[in-house]
Amino acid sequence: MQYIYNLISVAAGIYSLIILFRIIFTWFGKTIPGKTIQFFGRITDPYIDWWRKALNLRIGIFDISPVLAIASLSVVQSIFSMLARFDKVTIGNLLSIIFLSIWPVVSFILIFCFAAVILRLIAHITNRDINGNFWRMVDEVTQPVLYRINSIIFSKRTPRLVNGMIVSIIALGVLWVGGGFIISIIAGLLSRLPF
């Protein structure tokens, strides 16, 4: 049985790598032969599309679904790797693995938004021309983030743009640092559960 668990764990890891290659290929689409992209697309797109339909995770023009797809494979890989080693997994260990596997996705989103808001703040302070495509993409990410964070913190008041961006940067930083700390504590507690 351990051999089967190990095989499933390895297969999940290999499939994660194939999805990662597919993501990278979409970034450099014109430099990679079309047949290569089609091959990887046939293997990975049904799985990624399922995540897109299930949890429409878009931040502006960016689709986070492939990251979640890889994270879920990481959970499967960790569970079957643990089964191969110990031949059993407790509910506490399972919950701990899920928490520890989900956090990198959340962390990535927080850091991505943090970097986008910092870029937007720098552009605003330096009076950059923000009419190009790049800045439009940055605005598509930052505006929903700024709106949500500022509506929570400032309630019904509308802050000045710079103040809203600074508060959002601080809030995202606190969420990232505090979230990582809290997740590690929760995962440690869950892994000690006897059942």
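Modeller: Let's go through the salt bridges, then look at one asparagine. Keep in mind that this is a predicted model.

Biologist: How many salt bridges does the structure hold?

Modeller: The general idea is that side chains of opposite charge can pair when their charged atoms come close. Here the structure has three salt bridges. One joins aspartate 45 and arginine 22, with the closest N and O atoms 3.0 Å apart. Aspartate 45 sits in helix α2 and arginine 22 in helix α1, so the pair ties together parts 23 residues apart in sequence.

Biologist: Are aspartate 139 and arginine 120 buried or exposed?

Modeller: Both of them are buried. Their side chains form a salt bridge too, at 2.6 Å from N to O. That pair links distant parts of the chain, with aspartate 139 in helix α5 and arginine 120 in helix α4, 19 residues apart.

Biologist: What separates aspartate 49 and arginine 52 in helix α2?

Modeller: About one helical turn, because they are three residues apart in that helix. Their salt bridge spans 2.8 Å, N to O. Aspartate 49 is partly exposed at 29% relative accessibility, and arginine 52 is partly exposed at 34%.

Biologist: Now the asparagine: why does asparagine 150 count as buried?

Modeller: Buried means under 20% relative accessible area. Asparagine 150 has 11% relative accessibility, so it counts as buried. You'll find asparagine 150 in helix α5, which covers residues 133-153. Leaving aside residues up to four places away in sequence, asparagine 150 touches Ser155, Pro159, Gly164, Val167 and Ser168.

Note on methods:
Residues numbered from 1 in each chain as written. Predicted model: local features only at pLDDT ≥ 70, side-chain atom pairs only at ≥ 80, totals over all residues. Heavy atoms only, no water. Helix = DSSP H or I, 4+ residues; strand = E, 2+ residues; numbered from the N terminus. Buried < 20%, exposed > 50% of the residue type's maximum accessible area, 1.4 Å probe, protein only. Contact = heavy atoms within 4.5 Å. Salt bridge = Lys/Arg side-chain N within 4 Å of Asp/Glu carboxyl O.
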